[in-house]
Amino acid sequence: MHVVVLAGGLSPERDVSIRSGRRVANALRAADPSIDVIERDVDSTLLKSLRTDAPDCVIPMLHGAAGEDGAVRDVLDGLGIPYVGSGPDACRLAFDKPVAKALLRTEGIATPRSVALPHSTFRELGAASVLDALVAAVGLPAVVKPARGGSALGTSIVNDASELPAAMVNAFAYGDVAMIESFVAGVEVAVAVVDTADGPRALPAVEIVPDSGFYDYAARYTAGSTEFFVPARVSQEHSEALAKLAVRVHTSLGLRDWSRTDAIVTPEGAMFLEINAAPGMTETSLMPQALTNAGMDLGELTAYLVRAAVARG
Amino acid sequence: MTSKGSRLDPWVDSYATRARGMTASEIRALFSVASRPEVVSLAGGMPFVQALPMDAIAEMSARLIRERGPQALQYGSGQGDPTLREQIVEVMREVGIDGHPDEVVVTPGSQMALDVVVRIFCDPGDVVLVEAPSYVGALGVFRAYECDVIHVAMDNEGLVPNALEETIAAVRASGRKIKLIYTIPSFHNPAGVTQGPQRRSEILAIAQRSGILILEDDPYGLLGFDGGPPPRAIRADEADGVVYLGSFSKTIASGIRVGWALAPHGVREKLVLASESAILCPSNLTQFTVSEYLSTQPWRQQIKVFQEVYRERRDALLDALATYMPEGTTWTVPAGGFYSWLTLPPGLDSKAMLPRAIAALVAYVPGTGFYVDGQGQRELRLSYCYPDPERIREGVRRLGTVMESELQLMQTFGADMPQHDSQGPQTPAPDLG
């Protein structure tokens, strides 16, 4: 079997993607030496090479736009090439944070209050008055982040209204729409979901305790700068609620094969923060830690998902 | 329940304090995108080695291995190959230095020479005076040896003598010890400016009066564009008070990794010992390659080729800047070397703007990477050494568009960007074009 792992691309998460792709490719090679695995960047020669090489399956390990917004998966569907992971429509819903939150709210899933606005709204209505209205709606402290994108790029925690303009500029550096979300203090966790023969299964929650207090880019990708607890140090009741939450998010958005839900646990319960249709698989990423704790092997899981993708065509 | 979590690095409690800043960085992540061919990179400082006579070098290298293989592939002298040291003395005559081969210590690139100089001079907390801005590789070395780096103002002629004198007085009044004045007098990285003869004399006089050693870094000195003789090195007029760093990275090839230090006797003795403890000896293979190149190839003519390539690219950059930069932007006009230094219109922040620039497929280096104290938010470095003139023009056009839209954004929010906390590397790896 011939499998192509797509990694890289032009997103600011290119480096993370390359590392995720390398890890998945190596794990797959180790798990099943009979599978011929190649890693490949996404560029103008991709379509030609996919047509020529005709891989049995593609594993998109692209993070950020094009990789997670469904575009590449649309192309793969068009070419009739099976791939591991969610389809384009589910990716589109998951990648757009305000859209995902709105949809999940309608499903009764708790998520912090938030407002998402494009830069043009601030320009037309005047930033000061719009920011005042946002603070009134969301409250402080708040988290400001790009509506689309990952790895906490462009994300800031704002404790005082005077910090908001700079935080908005940081967020708009990574996209045209920014989201302001009420900051909820609690236990920060990530719950991965994998599709098995018995349906979607939540892996143990990974608790995230960054030294800096903020799980930003450096805290995510500098080994040693964040302490992880697997399973998360939450009550059994919260642990079960988290598993249910992650599976509900996975199924409600129509995600497939694997996903990772980021959530916050408060004494009142778990709240949804974000969903990742292409979870990071780097040396410091969360999902591989959950797999290890669950006694699962990344390579074996990937091989299983590759076969499942080929079977569904 | 687990009382202690995992940090994914069992040695996290063992690292030295100086490793604290060695973290993943958003800026480095963005530079990863800049390596893609779609992006016009005005960020890196890779020399245009494609201008070298590759066939001649291939033939020369093959002959070297055939005829001197056993010696070329063996350990060599810690101080460096004697023949090459004689040739280095000849090269330094181009910038007016009358040195002696015994005073030369060959190192794997002048970066290593810089490292060993700081290693033998600086204790933690010692003060090093550097230009504002300064070479990021030097700042990294000073940080590694836990020096207290203090920036001294520059103008269009480089380091400002009055500012230097005032800084020396202020530091000494605070009871601290100044060990080095680190300066790049010719075609400065990143500022693109050059000290005139008078300016060099004044700086030298201040250093002599103050009893402070000058560390003169001169990797670009032979790459002037005006066709005249290269700027005369400070070391040409003072042998005992200057350690001079030279490099073949820009005049031959950066991949060869051969540089050197020229130092007075006492310093040189320690440099050799320090260098031996760090690297044992520089590579015979690369030293012999440089030596063969200098003795068999028209190296002065090749430098003229490089000068012409870079002059044409510099002109393309300046022309494009004049066409595409928004009002309020200023830049230096380099008379040689690889870089121009931009000052952005008020309100713009070069680090905050970088993601937008990368999305628009153009890369530069934000100014903050060239300071240790958070300065440089309104500044950035543009490199013209690697992309061809057409790409340079396109890159600057894209940058102009990004700046216009960033100005709109900043006007919308009137944001006063906070000082950056310089988390992780702020500049690209050396292999970015």
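These questions and answers cover helix packing, a sheet and a chain contact in a predicted model.

Residues are numbered from 1 along each chain as its sequence is written, and chains are lettered from A and ligands numbered from 1 in the order in which they are written. In this predicted model, local features need pLDDT of at least 70, side-chain atom pairs count only at pLDDT 80 or more, and totals for chains, interfaces and linings use all residues.

User: Are α4(B) and α8(B) roughly parallel or roughly perpendicular to each other?
Analyst: Helices here are DSSP runs (H or I, at least four residues; strands are E, at least two), numbered from the N terminus. α4 (110-121) and α8 (265-279) of chain B pack at about 115 degrees, with axes 9 Å apart; axes are lines fitted to C-alpha atoms, for helices over the stretch in contact, and angles run from 0 to 180 degrees between N-to-C directions. Angles under 35 degrees count as roughly parallel, over 145 as roughly antiparallel, 65 to 115 as roughly perpendicular and the rest as oblique. α4(B) and α8(B) are therefore roughly perpendicular.

User: Which residues of α8(B) meet α4(B)?
Analyst: Contact means C-beta atoms, placed from the backbone, within 7 Å. From α4(B) come B:M112, B:V116, B:V117, B:R119 and B:I120. Their partners in α8(B) are B:K270, B:L271, B:A274, B:S275, B:A278 and B:I279.

User: What is the angle between α10(B) and α12(B)?
Analyst: α10 (299-324) and α12 (389-413) of chain B pack with their axes 9 Å apart. α10(B) is roughly parallel to α12(B). The angle is about 25 degrees.

User: Which strands stand at the edges of the open sheet of chain B?
Analyst: The sheet has 8 strands with mixed pairing, in the order β2-β9-β8-β7-β6-β3-β4-β5. Two strands pair if DSSP finds at least two bridges between them. Each edge strand has a single partner, so one side is left without a neighbour in the sheet. The edge strands are β2 (104-107) and β5 (158-159) of chain B.

User: Which residue of β6(B) stands opposite B:V127?
Analyst: β3 (127-132) and β6 (178-183) of chain B pair in the parallel sense over 4 bridges. Opposite B:V127 stands B:I178.

User: At what angle to β9(B) does α4(B) run?
Analyst: α4(B) lies across β2, β6, β7 (213-217), β8 and β9 of chain B. Its direction relative to β9(B) is about 40 degrees.

User: Which elements of chain B give two or more residues to the side that touches chain A?
Analyst: The contact takes 34 residues from chain B and 32 residues from chain A. The elements are α1 (26-34), α11 (350-359) and α12 of chain B.

Notes:
Contact = placed C-beta atoms within 7 Å.
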